[in-house]
Amino acid sequence: SYENLIKELIDVSAIVLRTYELPQKILKKCKSLKIVSRHGVGYDNVDLNYLNNEKIALAITGSANAVTVAEHVISMFLNLSKLSKKSDWLVRNGKFKERKAVQNTLELYQKKIFIIGFGRVGKALAKRCYSFETKIYVYDPYIESKLIKNNNCFPISFEEGIKIADFISIHLPLNKETKYLITKKELLQMKKTCILINTARGGIIKEDDLIWALQNKVIHSAGLDVFEQEPPDENSPLLTIDNLILSPHNAALTLECKQRMGIEACNNIVNYLNNDPDLILSNIVNKDILN
């Protein structure tokens, strides 16, 4: 309960936060709080404005999950392009000889990959796409074009990227700028063979529009690890669409990554409170506010 949580947090100096929400009504009761460390990279479950106003640090585990999420994206790329779910169903249901039903599978080889957001995960994904000899395009208005080119990628506008891409992967935070970044308008501009993946945050893609696009074969398929409502409603059409792969917001939850995130979340706190130079400054989201 909020009441018990406030009682437990009233005099703590630091909080490690996973998926629970920390709104202002709880934070304002934490009179000794100096840092909140997120067990992950998203932080839409904590009131950042309040933390900024009170000069309380917000940390993330920025270096722990990049490889893990990138691997999850690649797995979705491959499973969707090879129609693995349908092939598996045929064999399990005694329809081995009906393999011609699995037609028009796709290759990742030499395709155009469009990465939206070029932080740690975006960069890790780009590295793993190189092995397929793909051409990688990147949109990130906060990253200099020079840095994108130094990573053997091509900077491109969002509008042009969605038109030319064979595979699209989203790696952005959810905020006012990115809410419903992809709607019916954008989906209609994509190739009919395009595969769209979101492992970032639900709400960046408008789900009702994606459902419409998948049902009407506007794009080839999609993979979602995140949803506007988590878990999705048990009656949601998302649960019945064939050309869609779903995972329960667990792209970063491999055994290895959970260990790294736990250690890094706690190290953020120890190093910050000790003013230790080992602190990874890029892990502090609001370092500019903190001076």
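Modeller: Strand β1 (residues 14-17) has a covered face, I15 and L17, and an uncovered one, A14 and V16. The model is predicted, so local features need pLDDT of at least 70 and side-chain atom pairs 80 or more, while totals for chains, interfaces and linings use all residues. Residues are numbered from 1 along each chain as its sequence is written, and side-chain values use heavy atoms, without hydrogens and water.

Biologist: Why is F158 called buried?

Modeller: Buried means under 20% relative accessible area, exposed over 50%, and partly exposed in between, with a 1.4 Å probe and protein chains only. F158 has a relative accessible area of 8%, so F158 is buried. Y139, at 25%, therefore counts as partly exposed.

Biologist: What makes Y139 and F158 a tilted aromatic pair?

Modeller: Rings of Phe, Tyr and Trp (its six-membered ring) pair if their centres lie within 6.5 Å; planes under 30 degrees apart count as stacked, over 60 as edge-to-face and the rest as tilted. The centres of Y139 and F158 are 5.7 Å apart and the planes make 55 degrees, so the pair is tilted. Y139 lies in strand β5 (residues 135-139) and F158 in helix α8 (residues 158-164), so the pair ties together parts 19 residues apart in sequence. Helices (H or I, at least four residues) and strands (E, at least two) are DSSP runs, numbered from the N terminus.

Biologist: Why is K135 said to lie over the face of F154?

Modeller: A charge sits over a ring if NZ of Lys or CZ of Arg is within 6 Å of the ring centre and within 35 degrees of the ring normal. K135 lies over the face of F154 at 4.9 Å from the ring centre, and K179 over that of Y180 at 4.6 Å.

Biologist: How do you know that β7 and β8 pair?

Modeller: Two strands pair if DSSP finds at least two bridges between them. Strand β7 (residues 167-170) and strand β8 (residues 195-198) have four bridges, in the parallel sense, and therefore pair. In β8, I195 is the bridge partner of F167.

Biologist: What makes β6 and β10 edge strands?

Modeller: The open sheet has seven strands in the order β6-β5-β4-β7-β8-β9-β10, with parallel pairing. β6 (154-155) and β10 each pair on one side only.

Biologist: How many bridges join β1 and β2?

Modeller: β1 and strand β2 (residues 35-38) pair in the parallel sense over four bridges. In β2, S37 is the bridge partner of V16.
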